[in-house]
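I begin with a term that is needed later and then work through the chain.

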Amino acid sequence: MDDGKIFGRGHWAFFWNLIGWLGNAVFFSRFFVQWYATETKKQVVVPVLFWWLSLIGSFLLLLFALFYDKHYVVIFAYAFTWIPYIRNLIIHQRHKEAHLSCGNCGQSCPPQANFCANCGTRLTAARETVS
Ligand SMILES: [Zn+2]
């Protein structure tokens with residue numbers, strides 16, 4: 001089986017094929033993460049893990065394309081996808097930081113919430129300090 005089809009071009013070929021398949025596995029797994037979250041909540045949701053798996057998977061595939069496959073079609077396919085992935089992770093982090101902490105029980109509440117979901121305390125006082 002040394003015909004160069006899959007693992008026939010030495011140790012580097014094996015290494016880069018491993019990186020490429022790992023990238024495929026990580027990238028593909030994100031669909032199950034998103035699907036599971038959507039089925040669980042009975043509404044379309046995109047968990048933060050989806051963006052991490054997108055970022056890591058496409059980065060591994062970009063490395064494979066740049067250093068092994070070297071085909072510009074494949075390189076282009078993964079060259080810019082990190083931009084929306086990182087942007088979504090930044091927006092998620094900012095939204096998380098904008099959450100209001102309940103003065104009564106310490107529960108983290110969504111930025112637009114008026115009352116604490118845990119104890120019912122009004123959150124307007126906390127909102128004024130956020131601006
Ligand atoms: Zn509370």
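1. A crossing of two helices is called left-handed if the near helix is turned anticlockwise from the far one by less than a right angle, and right-handed if clockwise. Helices (H or I, at least four residues) and strands (E, at least two) are DSSP runs, numbered from the N terminus. With these terms in hand, helix 2 passes helix 4 in a left-handed crossing.

2. On the basis of the note: this is a predicted model, in which local features need pLDDT of at least 70 and side-chain atom pairs count only at pLDDT 80 or more, while totals for chains, interfaces and linings use all residues. Residues are numbered from 1 along each chain as its sequence is written, and side-chain values use heavy atoms, with hydrogens and water left out.

3. The overall layout comes next. The chain has 5 helices and 2 strands, and read along the sequence these follow the pattern α-α-α-α-β-β-α. Of the 131 residues of the chain, 29% count as buried, where buried means under 20% relative accessible area, exposed over 50%, and partly exposed in between (1.4 Å probe, protein chains only). Among the contacts in the chain with a separation of 6 or more, 38% are accounted for by residues 24 or more positions apart, contact meaning heavy atoms within 4.5 Å.

4. How do helix 1 and helix 2 lie relative to each other? Their axes come within 8 Å and cross at roughly 155°, the axes being lines fitted to C-alpha atoms, for helices over the stretch in contact, with angles running from 0 to 180 degrees between N-to-C directions. Helix 1 and helix 2 are therefore roughly antiparallel to each other; on this scale, angles under 35 degrees count as roughly parallel, over 145 as roughly antiparallel, 65 to 115 as roughly perpendicular and the rest as oblique. The crossing of this pair, helix 1 and helix 2, is left-handed.

5. Two residues of helix 1 can be followed in the view. Ser 29 is found in helix 1 and is partly exposed, with a relative accessible area of 25%; Ser 29 and Gly 57 are 28 residues apart in sequence, yet 9.1 Å apart in space, C-alpha to C-alpha. Ala 37 also lies in helix 1 (residues 10-41), and Ala 37 is buried, with a relative accessible area of 15%. Leaving aside neighbours within four places in sequence, Ala 37 is in contact with Val 45 and Pro 47, while Ala 37 and Phe 50, which are 13 residues apart in sequence, have their C-alpha atoms 9.9 Å apart.

6. Helix 2 (residues 48-69) also packs against helix 3 (residues 72-79), at an angle of about 155° and with the axes 9 Å apart, which makes helix 2 roughly antiparallel to helix 3. Here too, helix 2 passes helix 3 in a left-handed crossing. The contact involves residues including Leu 61, Leu 62 and Leu 66 of helix 2 and Val 74, Ile 75 and Tyr 78 of helix 3.

7. The packing of helix 2 with helix 4 (residues 82-97) has an angle of about 150°, with the axes 9 Å apart, and that makes helix 2 roughly antiparallel to helix 4. Among the residues that make this contact are Trp 51, Trp 52 and Leu 55 of helix 2 and Trp 82, Tyr 85 and Leu 89 of helix 4.

8. Two loop lysines deserve a check of the backbone. Lys 42 lies in the loop between helix 1 and helix 2 and has a positive phi of about 55° although it is not a glycine; Lys 42 is exposed, with a relative accessible area of 68%. Lys 70 lies in the loop between helix 2 and helix 3, has a positive phi near 55° while being a residue other than glycine, and counts as exposed at 58% relative accessibility.

9. Which residues coordinate the zinc ion? The SG atoms of Cys 102, Cys 105, Cys 116 and Cys 119 do so, at 2.3 Å; donors are N, O and S atoms within 2.8 Å of the metal (3.2 Å for Na, K and Ca), and since water is not among the atoms, sites may look incomplete. With angles of 106 to 117° among the 4 donor atoms, the site is tetrahedral, a label given to four donors if all angles lie between 85 and 135 degrees. In sequence the donor residues are spaced C-x2-C-x10-C-x2-C. Cys 105 lies in the loop between strand 1 (100-101) and strand 2 (108-109) and Cys 116 in the loop between strand 2 and helix 5 (124-130), so the pair ties together parts that are 11 residues apart in sequence. Cys 105 counts as partly exposed at 34% relative accessibility, whereas Cys 116 counts as buried at 5%.

Definitions and conventions. Tetrahedral: all angles 85-135°; square planar, octahedral: opposite > 155°, others 65-115°.
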